[in-house]
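Colleague: I have this one open on my screen and would like to go through it with you. Can we start with the aromatic residues and then move on to the strands?

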Amino acid sequence: MSRADRLFVDMCSDILDNGFSSEGQVVRARWEDGTPAHTIKRFGIINRYDLQEEFPALTLRPTAIKSAVDEMLWIWQKKSNNIKELNSHIWDEWADENGSIGKAYGYQLGVKYRFPHGEMDQVDNVLWQLKNTPYSRRIMTNIYNFGDLMEMGLEPCAYSMTFNVTGDRLNAILNQRSQDVLAANNWNVVQYSVLVHMLAQVSGLKAGELVHVISDAHIYDRHVDIIREMISRPQYPAPKFSLNPDVKDFYDFTVDDIRIDDYQKNPQIKNIPIAI
């Protein structure tokens, strides 16, 4: 059975059984009808995914893998902050009339800085270091720029990546300040697993381990019953994942270079309410 499913079930059970409820507190998030969106949360969740063991897509319900990767490439490859360059509509609520989400996400990865090996942005710095100094302990990105927070449509949730090479394997830590577990957990896990696979391939490495650190992992009050039903579902083996081996440049990858086989999964959960 999928290890990603087991990790998800254990995490959700822990949150529901041992979490802290925000009932009675003042909360920022609201449902579409204006009702406060309360949560049950756990602090400091850490999940580890061995990408050589399996591709960690949930089978408890389908994850839209190519849509998730399209968003990841929008941020990491296009370095965009405009939803008109994105094929899904997940950012629509935070965009202005021109489609911009402000100085957030992809915008931050496109800002150029001076590094010892030249002026470049954070993504190009990671690519350069993986090829030239792979055993460096300084290969990382961070998009939580305090100077630009007031000009962001949404302060970044998944905000930093730290890369570390062990032998011929590329490992990474994804740090996330906050996560809506039902809506976003496996979406983010899939995105950054694919990113590690892509960066490893173009650097002559193998994908290793993804460690996902979530400061505030929460389940919204209107998601509790959905989660309880979801984690009771049958679990299936993880799908098979591969990348087009001919791609040698990170900026050449498209969603069509991803292949997913044998993805057995439970029915989709539709019309999930999203708090804003």
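Colleague: Which residues form one aromatic cluster?

Modeller: W74, W91, W94 and Y105 make up that cluster. Keep in mind that this is a predicted model.

Colleague: How many aromatic pairs does the structure hold?

Modeller: There are 10 aromatic pairs. One of them is W31 with Y220: the ring centres are 5.4 Å apart and the planes stand at 70 degrees, so this pair is edge-to-face.

Colleague: Where do W31 and Y220 sit in the chain?

Modeller: W31 is in the loop between β1 and β2, while Y220 is in strand β8. The pair links distant parts of the chain, 189 residues apart.

Colleague: Are W31 and Y220 buried or exposed?

Modeller: Both W31 and Y220 are buried.

Colleague: What about the backbone at Y105, what is its phi?

Modeller: Phi of Y105 is near 50 degrees, which is a positive value in a residue other than glycine.

Colleague: Which other non-glycine has a positive phi?

Modeller: D262 has one, at about 55 degrees. D262 lies in the segment after β10 (258–261). With a relative accessibility of 59%, D262 counts as exposed.

Colleague: I also noticed a lysine around there. What does K265 lie over?

Modeller: K265 lies over the face of Y263, at 4.7 Å from the ring centre.

Colleague: Fine. Now the sheet: what is the strand order?

Modeller: The order is β1-β2-β8-β7-β6-β5, in an open sheet of 6 strands with mixed pairing. The edge strands are β1 (20–21) and β5 (139–142), and each of these pairs on one side only.

Colleague: Start from the β5 end, then. How many bridges join β5 to β6?

Modeller: There are 4 bridges between β5 and β6 (residues 158–166), and these strands run antiparallel. T141 has M161 in β6 as its bridge partner.

Colleague: And how do β6 and β7 run, parallel or antiparallel?

Modeller: β6 and β7 run antiparallel, joined by 8 bridges. Across that pairing, S160 stands opposite N175 in β7. The two strands form a hairpin with 2 residues between them, and G167 in the turn has a positive phi of about 65 degrees.

Colleague: Next strand over. In which sense do β7 and β8 pair, parallel or antiparallel?

Modeller: β7 and β8 pair in the parallel sense, over 10 bridges. The chain gets from β7 to β8 through helix α5 (residues 181–202), and this β-α-β crossover is right-handed.

Colleague: Which residues of β8 do N175 and S178 stand opposite?

Modeller: N175 stands opposite V213, and S178 stands opposite D216.

Colleague: How many residues of β7 are buried?

Modeller: Strand β7 (residues 169–180) is mostly covered, with 9 of its 12 residues buried.

Colleague: That leaves the other side of β8. How many bridges join β2 to β8?

Modeller: β2 and β8 are joined by 11 bridges and run antiparallel. Within that pairing, K41 stands opposite H218 in β8.

Colleague: Last one. Which strands does helix α1 lie across?

Modeller: Helix α1 (residues 3–18) lies across β1, β2 (39–50) and β8 (206–220). Helix α1 runs at about 160 degrees to β2.

Definitions and conventions: Residues numbered from 1 in each chain as written. Predicted model: local features only at pLDDT ≥ 70, side-chain atom pairs only at ≥ 80, totals over all residues. Heavy atoms only, no water. Pairing = 2+ DSSP bridges. Contact = heavy atoms within 4.5 Å. Axes fitted to C-alpha atoms, helices over the stretch in contact; angles between N-to-C directions. Buried < 20%, exposed > 50% of the residue type's maximum accessible area, 1.4 Å probe, protein only. Right-handed = clockwise from strand over helix to strand, strands pointing away. Phe/Tyr/Trp six-rings, centres within 6.5 Å; stacked < 30°, edge-to-face > 60°. Lys NZ or Arg CZ within 6 Å of the ring centre and 35° of its normal.
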